[in-house]
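Please look over the sequence and the model before reading on. The notes that follow are grouped by topic.

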Amino acid sequence: MFRFKPCSVFRTVANRAASGFLFTSLTSRRRIHSFPFATIDAEEISGSHPAECAFLQPFVESLSKCPKHGLHNPLRAPERYLLYGDISTKAAHLLGQPEVSNFFARLIQRVSPKSYKQAQGEVFVTQKFLENFCGDQVRFLARSFAVPGNHLGQQSNGYRWPYGPVAIITPFNFPLEIPLLQLMGALYMGNKPVLKVDSKVCIVMEQMIRLLHECGLPKEDVDFINTDGMTMNKFLLEAKPHMTLFTGSSRVAEKLAGDLRGRVKLEDAGFDWKILGPDVQEIDYVAWVCDQDAYACSGQKCSAQSILFMHENWVSTSLVPQIKELAERRKLEDLTIGPVLTVTTDRMVEHIEKLLEIPGSKLLFGGQPLENHSIPKLYGALKPTALFIPIDEILKDKNFELVTTELFGPFQVITQYKQDQLALVLEACERMLAHLTAAVVSNDPMFLQATVIKLVVVWISSRISSTLLPGADASPETGAGATEQARGSEQARVQERARGSGLSAGAVWVKMLHATHVRRRERNGGRERMTVASAWARLRGMEVLGRSVNGTTYAGIRARTTGAPQNHWFGPAGDPRGAGIGTPEAIKLVWSCHREIIYDIGPIPHQWKIPLST
Ligand SMILES: NC(=O)c1ccc[n+]([C@@H]2O[C@H](COP(=O)([O-])OP(=O)(O)OC[C@H]3O[C@@H](n4cnc5c(N)ncnc54)[C@H](O)[C@@H]3O)[C@@H](O)[C@H]2O)c1
């Protein structure tokens, strides 16, 4: 049993009494036993001689000073919502200065190997996020509602309430974006956070917090702790934050969920899938997105493309050779491929070798360690790699877990499915454990097989003939919400044309639907490309979307798995502990809880008497 007590083994670098900004480092260790590292004797620990673990007390104390009702809430210190609007305005402005943005992009590159463009993208998203919460936008996050009560003087008000003392733990791969967005979200809603960024990269956020101080962030509002995972774990057990937001691996996520008895929100591992639909088009673009999704940042994005399901129509195209060509353009010099920080080369090669034992699997490209470099063995260095594995083998129980293990590096599995095997693809997606990002690449009707279109027309015709006419929401001429009268006249028009042409009413309606969309497209200068076939393609897309759960899913020919900008939700779905990042919804969900105050102020009815007991 460990108990935290203050002692001198750790030094506080910043003046915590004056600043409240705690940035500590291990500077020395008291040696009291024969082991060079030990400060306790394992044999002597007992109930009457508890072990003492040092250095965290300032953080525990600091967090414990924050009450449950937070630093501000809708009924207390509301001016702080405005303060944070101002801080965001100033910080967005500063970060928007080219030299400041360059400073952070370069700093990110120094600790987290990624190309300048990727690092700059991270700074850009962070700056845009801050812009989004300027002025009154922070107070709008705490918008309340009121519902009339049962009698005069009664009214219920729903509020977004902070948790008070909270902790934020973030990984190495986005040293600025993830911690800054979560930190500001926590602060906006009135919490006092202690922030722990992976120590390999924490210098970036340390500098960012200094920038925020410059912009008016009260120094006592945030504690910044620089430590390893185990120590942080012990700190959390001692400090008992009311909520901990964890971003990182599923292994640590599950441990913390247990240790902290569920008082967590999680953004954990991703095994992210992409399905290419039957409509083959824009091969250059799709290949480029596949390369970016799988290999940008050397595959060290939680949203990286882990598995690609290709419809058979793509197999004979140049897609895979093009992905290979693009992957092989990547080079160490500009960090478009680079060190893998948490998986060694040996581990990655071993994983590949195990996968190659699966019958029918083959190496498509890569699979070799990077050459001519000085990356220490502690890290990984692998060429961008893709492996083909047959879909029926993937689904076998003995292979499934291995194939769907997230390898946090430049690596993906590619498989293919036949027209009638979509159910197998969906089964694979259903059985995966991580549901972070996904992409359904499909929407253009031009390459759909004519027989499919015919089948659709026949099917729609029969449906329409049997029900006579479509409902208002599917009306080709009048659109959603058509009145009964309009529907009646449209019905008459369809029947008249059907009589004249010898076609069924359903076929006539489909033709009218098509003509309407063509007219709309012409009106819009050719922008709208909706046709019956594209409606079918969308339906197929809808089938995939309707039968999957990933929290951030892109759909359409431009669909990608990576991309966590500030303008849409990013986070897993299907887990009640799942967190999100970036948007107002994510901030409200993660960093506040619902509180309802029911005002019941009277008056008591004039002739009210004490009723019988109930
Ligand atoms: N879902 C998301 O939004 C998201 C974003 C980025 C990364 N990730 C995931 O993160 C993983 C890669 O990052 P990583 O290798 O740094 O993950 P990790 O889980 O090893 O570490 C994440 C953070 O947790 C800390 N930590 C480790 N053990 C801890 C413990 N017992 N108690 C408290 N803190 C502890 C680490 O020091 C680090 O700061 C991948 O699985 C990736 O998919 C997820």
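Predicted model: local features only at pLDDT ≥ 70, side-chain atom pairs only at ≥ 80, totals over all residues.

Where does Arg261 lie? Arg261 sits in the loop between H10 and strand S11 (264-267).

**Backbone details**

- For Arg261, phi is near 50°, which is a positive value in a residue other than glycine.
- A cis peptide bond runs from Gly602 to Pro603, and its omega is near 10°.
- Pro603 belongs to the segment that comes after strand S19 (593-600).

**Residues around the ligand**

- The ligand is surrounded by 28 residues, and the closest are Thr170, Asn233, Ser249, Asp268 and Glu406.
- By type, the shell around the ligand holds 14 nonpolar, 9 polar and 5 charged residues.
- At least two residues of this shell come from each of these elements: strand S7 (165-170), strand S8 (192-197), helix H9 (229-239), strand S10 (243-247) and helix H10 (250-259).
- Which of them gives the most to the shell? H9 does, with 3 residues.
- The ligand lies between domain 1 (56-268 + 590-594) and domain 2 (272-457 + 549-571), because both domains give residues to the shell around it.

**Ligand contacts and burial**

- In the side chain of Lys196, an N or O atom is 2.9 Å from an oxygen atom of the ligand.
- A polar backbone atom of Gly229 is 3.2 Å from a nitrogen atom of the ligand.
- The side chain of Asn233 has an N or O atom 2.9 Å from a nitrogen atom of the ligand.
- How much of the ligand does the protein bury? The ligand exposes 840 Å² when taken alone, and the protein buries 91% of that.

**The second largest pocket**

- The volume of the second largest pocket is about 1000 Å³.
- This pocket is lined by 41 residues, and those closest to its centre are Gln118, Gln292, Lys301, Arg560 and Thr562.
- The lining of this pocket divides into 16 nonpolar, 11 polar and 14 charged residues.
- Helix H5 (116-132), helix H7 (177-188), helix H11 (283-295) and helix H13 (319-329) each supply at least two residues of the lining.
- Domain 1 (56-268 + 590-594) and domain 2 (272-457 + 549-571) each contribute at least three residues to the lining of this pocket.

**Cavities**

- How many cavities of 30 Å³ or more does the structure hold? There are 5.
- The second largest cavity contains about 60 Å³ of space.
- Its lining is made up of 14 residues, and Gly299, Lys301, Ala304, Ser306 and Leu407 lie nearest its centre.
- These lining residues divide into 6 nonpolar, 5 polar and 3 charged.
- Lys301 is listed among the residues closest to the centre of the second largest pocket, and Lys301 is also listed among those nearest the centre of the second largest cavity.

Key
Residues numbered from 1 in each chain as written. Heavy atoms only, no water. Near = heavy atom within 4 Å. Polar contact = N/O pair within 3.5 Å; in protein donor to acceptor, adjacent residues only side chain to side chain. Areas by Shrake-Rupley, 256 points an atom, 1.4 Å probe, with all protein chains shown as cover. Helix = DSSP H or I, 4+ residues; strand = E, 2+ residues; numbered from the N terminus. Nonpolar A, V, L, I, M, F, W, Y, C, P; charged D, E, K, R; others polar. Domains from an automatic or database assignment. 1 Å grid on protein atoms, 1.4 Å probe; cavity = no way out; pocket = protein on both sides within 12 Å on 5 of 7 lines; lining within 4 Å. Points joined across faces, edges and corners; volume = space filled by probe spheres on them.
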